[in-house]
Structures are given as C-alpha cells and as structure tokens.
Amino acid sequence: MTKFNSKTGAAAGRKSSRKNVPNKTPNEIREAYQLLIENNLTKMKTWLNKVAKDDPAKALEIMLKFSDFLIPKLSRTEIEDVTSVEEILRMNPQDRAKRLLELRSQINSKNRESWTSKKK
C-alpha cells in the first residue's frame with residue numbers, strides 16, 4: 001500500500017482531473033430546483049398569501065429570497081477619484097459635462113472588465 005503524502009496526493013489529483021469537462025452536478029441541481037418550483041407555483045402562491053395575511057413583511061422577505069435564485073445580481077462598480085455632487089454642481093456647464101462623461105466612461109470600462117472576466 002502506498003503511503004499518502006503530498007506527492008502521491010498530487011499524482012492522484014492529476015489522475016482524477018477532468019480538464020475542460022463541466023461539472024454536471026450544479027446544472028442538474030439547478031434544473032431539478034427549477035422543476036420543483038414550476039410544479040409547485042400554485043401551491044407557493046397559496047402559501048405566500050397565507051404568510052402575507054399574518055405578516056406581509058415576512059411574505060416580502062420570502063419573495064426577495066426567491067429572487068436571489070431567479071434574477072442575476074449585478075456586480076458593484078467602484079470608481080476612484082470621484083468628484084462630489086456638490087463639486088460637480090459648482091462647475092460651469094462645459095466642465096460639468098466633461099466630468100460626467102469621464103465618470104460614465106470609467107463606469108463603462110469597469111463594467112466591461114467585469115463582464116469579460118466573468119465570461120472566462
């Protein structure tokens with residue numbers, strides 16, 4: 001019997017690697033969950049209405065939790081060297097328009113970087 005150490009562990013990892021083969025489990029779970037939701041939509045509506053009758057805030061909380069699974073979240077974009085709103089309002093119209101275009105460009109650039117890194 002071979003002793004387990006970092007070398008034998010690395011060798012086992014290389015043997016078990018499935019490069020370029022997608023992991024089926026998350027997709028299967030996602031599809032099963034979607035099917036479960038679709039098959040129980042009328043029941044879920046009834047359950048949600050019952051909860052809302054006693055506690056509307058709780059019903060809204062439940063809806064928000066479900067939306068986490070159904071609606072993709074947008075990534076946050078941070079911009080360094082942001083000019084304050086007050087500073088922008090004090091600018092003359094030409095400088096204000098120029099600064100707003102610079103900020104919009106920075107946001108679009110960051111969003112493009114984020115989008116392309118997620119696609120990889």
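Analyst: One cut-off to begin with: a residue counts as buried when its relative accessible area is under 20%, as exposed when that area is over 50%, and as partly exposed in between. Keep in mind that this is a predicted model.

User: Fine. Is Arg-99 buried or exposed, then?
Analyst: Arg-99 has a relative accessible area of 10%, so it is buried.

User: Which residue does the side chain of Arg-99 meet in a salt bridge?
Analyst: Glu-102, with an N to O distance of 3.0 Å. Both residues lie in helix 6, which covers residues 93-119. They are three residues apart there, about one turn of the helix.

User: And what is the relative accessibility of Glu-102?
Analyst: For Glu-102 the value is 34%, so this residue counts as partly exposed.

User: How many salt bridges are there in the whole structure?
Analyst: A search of the whole structure gives three.

User: Which residues are linked in a network of salt bridges?
Analyst: Lys-58, Glu-61 and Lys-65. Glu-61 meets Lys-58 at 3.9 Å, N to O, and Lys-65 meets Glu-61 at 3.5 Å, also N to O.

User: Why about one helical turn between Glu-61 and Lys-58?
Analyst: Because they are three residues apart in helix 4. Lys-65 and Glu-61 are four residues apart in helix 4, and that separation is also about one helical turn.

User: Changing topic. How much space lies in the largest pocket?
Analyst: About 310 Å³. The pocket is lined by 14 residues, and the closest to its centre are Met-44, Leu-48, Ile-62, Met-63 and Phe-66.

User: Which helices supply at least two residues each to that lining?
Analyst: Helix 2 (24-39), helix 3 (41-54) and helix 4 (56-70). Helix 3 gives the most, with six residues.

User: How does the lining divide into nonpolar, polar and charged?
Analyst: Eleven of the lining residues are nonpolar, two are polar and one is charged.

User: So where does helix 4 turn up in all this?
Analyst: In both topics. Helix 4 supplies at least two residues to the pocket lining, and it holds the pair Glu-61 and Lys-58 as well as the pair Lys-65 and Glu-61.

Key:
Residues numbered from 1 in each chain as written. Predicted model: local features only at pLDDT ≥ 70, side-chain atom pairs only at ≥ 80, totals over all residues. Heavy atoms only, no water. 1 Å grid on protein atoms, 1.4 Å probe; cavity = no way out; pocket = protein on both sides within 12 Å on 5 of 7 lines; lining within 4 Å. Points joined across faces, edges and corners; volume = space filled by probe spheres on them. Nonpolar A, V, L, I, M, F, W, Y, C, P; charged D, E, K, R; others polar. Salt bridge = Lys/Arg side-chain N within 4 Å of Asp/Glu carboxyl O. Buried < 20%, exposed > 50% of the residue type's maximum accessible area, 1.4 Å probe, protein only.
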